[in-house]
Amino acid sequence: MRHVKWIQLTAVAAALSMAVAGCGGAKSDAGSSDAPAAGSKGTVKLAINPWVGYEANAAVLGHLLESKLGYTVDKKNLKEEIAWQGFETGEVDAIVENWGHDDLKKTYITDKKVAVDLGPTGNKGVIGWYVPQWMVEKYPDITDGANLNKYANLFKTSESGDKGQFLAGDPSFVTNDVALVANLKLNYKVVYSGSEAAIIKAAQQATAQKKPLLFYFYEPQWLFAKEKYARVKLPAYTAGCDADPKKVACDYPDYILDKIVSKKFADANSPAFQLIKNFKWTNEDQNLVSDYITNQGMTAEAAGEKWVNEHEATWKPWIPATS
Amino acid sequence: MSTAVTDVTVPAEAVDPAPDPAAPGPRRKLPGRRTLILLLVLATAAVYLVVRTSAPADDDNPWAFRFFSGVRDWVDANRDTSPLFLYGFNYLRLGVSLLVDTVHGALYGLGWAGLVAAAGALAAVVAGWRIALLAVAGFLSFGVLGLWEESVDTLVLTLSAVLLAVLIGVPLGVLAARVPAVGAVLRPVLDVMQIMPTFAYLAPMTLLFLIGSPAATIATLIYAIPPAIRITALGITEVPKSTVEAATALGSTRWQLLGKVRLPLARPTIVLAVNQAIMMALSMVVITALIDAPGLGQTIVQALERVNVGAAFDAGLAIVVLAVVLDRITTHAAHRAAPTTHRSVRLRLAGPVVAVVAVVAATVLGRMSSWGAEFPAAWRASFAVGVNEATRWVEFHWYDATEALKNVVSAGLLDPIETVLTTTPWWLFLVVVLIFGALSSGPRAAVIAGLAVAGLVGLGLWQHAMQTLATVLVATVATMAFGIVFGVLGARHDRFALVMRPVLDAAQTMPSFVYLLPAVALFGASRFTAIVAAVIYAVPPVVRLVERGVRDVPATVVEAAVSSGSTPRQLLWKVQLPMARRGLLLAANQGIVMVLAMVVVGGLVGAGALGYDVVAGFAQREDFGKGLAAGFAIVLLGVLLDRLTQGAGRRADDNRLRRPAT
Amino acid sequence: MPPTIAVDHLWKVFGPKADKVVGTPLADLPRAELRAQTGCLAAVRDVSFAVEPGEVFVVMGLSGSGKSTLVRCLTRLIEPTSGEVHIDGEAVRAMNPKRLRELRRHGVAMVFQHFGLLPHRQVVDNIAYGLEIQGVGKAERHRRAAEVLTLVGLDGHEHQYPDQLSGGMQQRVGLARALATDPAVLLFDEPFSALDPLIRRDMQAEVRRLHAEVGKTLVFITHDLAEALSLGDRIAVMRDGALVQVGTPEELVGAPADDYVADFVREVPRADVLSLRWITRDAAPDEVLEDQPLPAGTVIRDTIERVLRARHPIPVVDGDERIGVVDAEQLLPALTGHRPPVPA
């Protein structure tokens, strides 16, 4: 760490003096440096988006990078869109679980050419509206979105007034909920819980105390291994039905979760890049690591290490041949 | 009083209009005023019933959002081509980055042992050995909590921002005090900066300076600089006229006066300004974690995302410790800077020498030995597990009670107020603000408040602004209720005040974020959560102001009341509280501004409205324009509330000055 | 030789339209009416006087009479509204800032009621301040500071801080600071008003001694008549911004210009101030007189014993000329009718 900063310092000073010397002003990536730290092959700057599944990917990759390839890993807690901005400034090398974001891909990959798509993580992403299982047993037709208005009264809370409450997550998540409520003419109000943990807590409470709850949720997600939740069917997704975010009236698509890295990082074609490129696992793998982190009180680092120790067969092929 | 002063000040009185003998006493005027207000309230209610709306949703893409989104797109497209960025903002960012990296390099270069020694040595030199012990213990506790790197990162950002705040703020403060025009221009700017909730800065910062430490440092600088300027200006203004005059009479030039008289005499106050800047910076640095600033803020944001109260507790504790250490060092330094404390020359020289030797020794030892590389893991301790268990217990056992409380307050108080506010047409609200603002705070304040209302309308966020306002009003009422109760208790019972003081100290240095966690744990995602957090956040300063207000009632008046046979209760209601009115209004003004700041942060945990718009604005690309507009709307709301309450405070003061003492 | 200080039709008006008062009929209004009409306060109204080299000139008046404003106008610590001040023949109001600073640095020093010491500096550095801002080297200014320190009797206190000294000692520092630059003129603005009576008397003695030793021109502001009488070669009495009377102590007590001054000096023991000149009568044509005459300038109190013991009236002479005679009958009215003498 210490050395990295000193090197950055020199880089910034150099950039500053170069720019002052009349080299045409300072660009937005001036001052960032990829010089390797002493005793390490270099630093990989991983963005950490705010949900546990993402952390699981990052934990395993981080552990492999550090213990098997000898890199230093700098984890940065960033929301999705902010992390993408990091490609431009050099603050971020890789995002290791990306959910769609076609608009960002267009801006940063196609237009600005500062990022590169490294292909799927192997995880299939599902986003949808869910209710706890007990509600399905009591109100069997609730899983059809067309019937939601009938049950709106059940979901009333202090926050939703005379409408039903729809509990959403972190404002930074991929969501169409507000548009869906409006366009499907649902008598609901979207309330943001603020984080994944808050949704999970609400879902667990709804199951334990048999309280009605309609909420935004997604897979892969360790909670599904513990408790059952049913997805509410909205009008089926068709290609392009979510093109205009304000006019969405269809369910979320299934996502092929993928990895995005910065152009610079890709061009260097380092072993770290190779490893991230090769990384591919299943929803079960991820849920296992997420469970370690969330329910077994492990730090992300410890969880990553534990999984790596137990699943050599899975990760062995990811390690680039040259190292 | 010297005759010189009398001679010079007489004109001020001369300009003052003589009391109008024809004006009836305020006592006789009061009933008329009351009737007028009552009539106005009734009229307002009647008009409202006739013209109320069905709270139509705001236009979801008004020009303001499109405008801000346009600005963003332009900036994004031209960040590397426009001269404004190539030669302006990008340089600023690089320069600040250089500063941060230098401070970072210096602190990390010392190693943990060296840094602990440096903190102790610095404290010993400027503040004495007791504070040095505190500093050493405090810095060690960061390592013990397992938060060494995070704490040092936070310290790095804080120091960088404070350094800039002092370098810019002190000269500006001097200018503001010496050049009336500069002072006049700066005052309203500082007013707005101080009521601007921290949250509102972040999106514009990322737009101009991208994410990372430089943007965080600049945001922190903006937050920390107003007190640096204000207090410096105060210190310069307070330099005794007689001393300046004496130095002038000896033929000092302006610069000699500044360098040899004004600055040295204002030094303790300027150190106090640094102290305030540090405190402000610390609370802001945590929030900048949202734009990728490293440090304890990251730990707290992460804890918030996982609803991990324990982890936030450890990090919050580290921040409080850091705040307490920095606060004690600087307040003692301010005390020592006072011209009335003199130490022998020998001591003044020996201290720094010993200190430097100690730091060098610790650094070298730390770097040479194996344990110096990283803080020894064996010394670690954490409160996280215990706190989490306690939280879980409370969550489990109090669930029904907290739910009931939340529902009662939401349905009984929050919803009706929100309904009235959101169904009031904006023009009626504007008229009400103008009329009642003029009555309570005078026409000037009313016009400014009215302009703020118009701005809210123009930004296209009327409904959200009214929802936020409703939450703010409820939280302010609760804050004042708690604040007055505790403040009065503190003023009347010394022992209670003694117990309360350290609690208030800690509460005031705790970053606002930390308060969200217990609230979320207890009340889930709701507006009520934001209210609870806001009340916890705003009560300490209100308690302080109320306590001081009551205590400031002159002892002679209290004595007179007691000797005429007042019971303690009569004394409180008929003497102390009425005479502390100014303190109470000041407390309300402070409270309301702080509540607003926290309610907005509550957007992170389900409070919705403007706070959510801001959060979403820097989380979602398509909401950027809305987020920025919401940031401005929050500022306008702050101006509105501040003008109305601050004006009322001033007015109460005027009244008291005019009213003959009874 | 021109007077050291010459003040000529000096005005100082505070207020919104201060410059629109002098030279108009408004200027003739009494102070209170001017204030009611314009909101302006005429602190100094058309004041003229001259101070001779080596003289101790006292300006006396009640608080609010404008005397402190007047003394500040002399070196433009307060900018006069109109009129002129000449110091050693040079017009002060015409000076540019640099020349004005020179005057303050070398020509005229001031001692203030509230001392105006720098609390963060030791006594020696306070005294040396005036020299420091002139650019005098450290060794030289400390040498000079040590000299004046001795002069004002503060030896041994040089390394203390002002707040470690008593009020009287602090004012000695103020005095030393003013003396350090060796100015020709010293201005005192009520320097002893904030001190206890006993210390005040010591300090007054100190000023008399210093005046005798260093022979500077002093302008001394006070509201204390006894102080004025004991120090002043001449006294100017101010009221509502204007000078009522300028004269020697004897002239003031013996021939007050108006009721105001008369009222002021009524309490003064005349025998202590007036000389025989004020009470002589002409000798009757064939009156028998004592042989030994008394000089006319002798203060009455000093003649009591001789006059009362003399069998005949004593002739009073001014030089060789006899201006009259004095006997107990003349003496007694000057001694009686007064409350116990004010300590002077």
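**How the chains and domains meet**

Chain A and chain C keep apart, with 40 Å between their nearest C-alpha atoms; touching, or contact, is taken as heavy atoms within 4.5 Å. This is a predicted model, so to speak of local features a pLDDT of at least 70 is needed, side-chain atom pairs count only at pLDDT 80 or more, and totals for chains, interfaces and linings use all residues. Residues are numbered from 1 along each chain as its sequence is written, chains are lettered from A and ligands numbered from 1 in the order in which they are written, and side-chain values use heavy atoms, with hydrogens and water left out.

Two pairs of chains touch, and chains A and B make the most contacts of these. Chain A puts 58 residues into that contact and chain B puts in 57. The size of an interface is often given as the accessible area lost when the parts come together. Here, buried area is what two parts lose in accessible area (1.4 Å probe) on being put together, summed over both. For chain A and chain B that comes to about 5,100 Å², with 53% of it on carbon and sulfur atoms. Zero salt bridges turn up between chain A and chain B, a salt bridge being a side-chain nitrogen of Lys or Arg within 4 Å of a carboxyl oxygen of Asp or Glu. The interface of chain A and chain B does have two residue pairs in polar contact, both residues of a pair being at pLDDT 80 or more. A polar contact is a pair of N or O atoms within 3.5 Å; within protein, one must be able to donate a hydrogen and the other to accept it, and residues adjacent in sequence count only if both atoms are side-chain atoms.

On the side of chain A that touches chain B, at least two residues each come from helix 1 (2-20), strand 2, helix 3 (80-89), helix 4 (102-111), strand 6 (188-192) and helix 7 of chain A. Helices (H or I, at least four residues) and strands (E, at least two) are DSSP runs, numbered from the N terminus. Helix 1 of chain A has the largest share of that side, ten residues. By class, the side of chain A that touches chain B splits into 22 nonpolar, 18 polar and 18 charged residues. For these classes, Ala, Val, Leu, Ile, Met, Phe, Trp, Tyr, Cys and Pro count as nonpolar, Asp, Glu, Lys and Arg as charged, and the others, Gly among them, as polar.

Within chain B, the domain assignment gives domain 1 (88-382) and domain 2 (385-646); such bounds come from an automatic or database domain assignment. The centres of these two domains of chain B, taken over C-alpha atoms, lie 28 Å apart. Their contact draws on 32 residues of domain 1 of chain B and 34 residues of domain 2 of chain B. About 2,900 Å² is buried between domain 1 and domain 2 of chain B, and carbon and sulfur atoms give 84% of that. On the domain 1 side of chain B, B:I195, B:F199 and B:L304 supply 25% of the area buried against domain 2, more than any other three residues. One salt bridge crosses between domain 1 and domain 2 of chain B. The side chains of B:R643 and B:D191 pair in a salt bridge at 3.3 Å, N to O.

Helix 13 of chain B is mostly covered, with nine of its ten residues buried, where buried means under 20% relative accessible area, exposed over 50%, and partly exposed in between (1.4 Å probe, protein chains only). Among the buried residues of helix 13 of chain B are B:L296, B:I300, B:V301 and B:L304. The cover over the buried residues of this helix includes strand 2 (72-77) and helix 7 (196-208) of chain A, along with helix 7 (148-178), helix 12, helix 14 and helix 21 (512-523) of chain B. Just past helix 13 of chain B, B:V307 has a positive phi of about 45°.

Eight residues of domain 1 of chain C touch four residues of domain 2 of chain C. The two domains of chain C bury about 470 Å² between them, 76% of it on carbon and sulfur atoms. On the domain 1 side of chain C, C:E250, C:V253 and C:G254 lose the most area to domain 2, together 73% of what that side buries.
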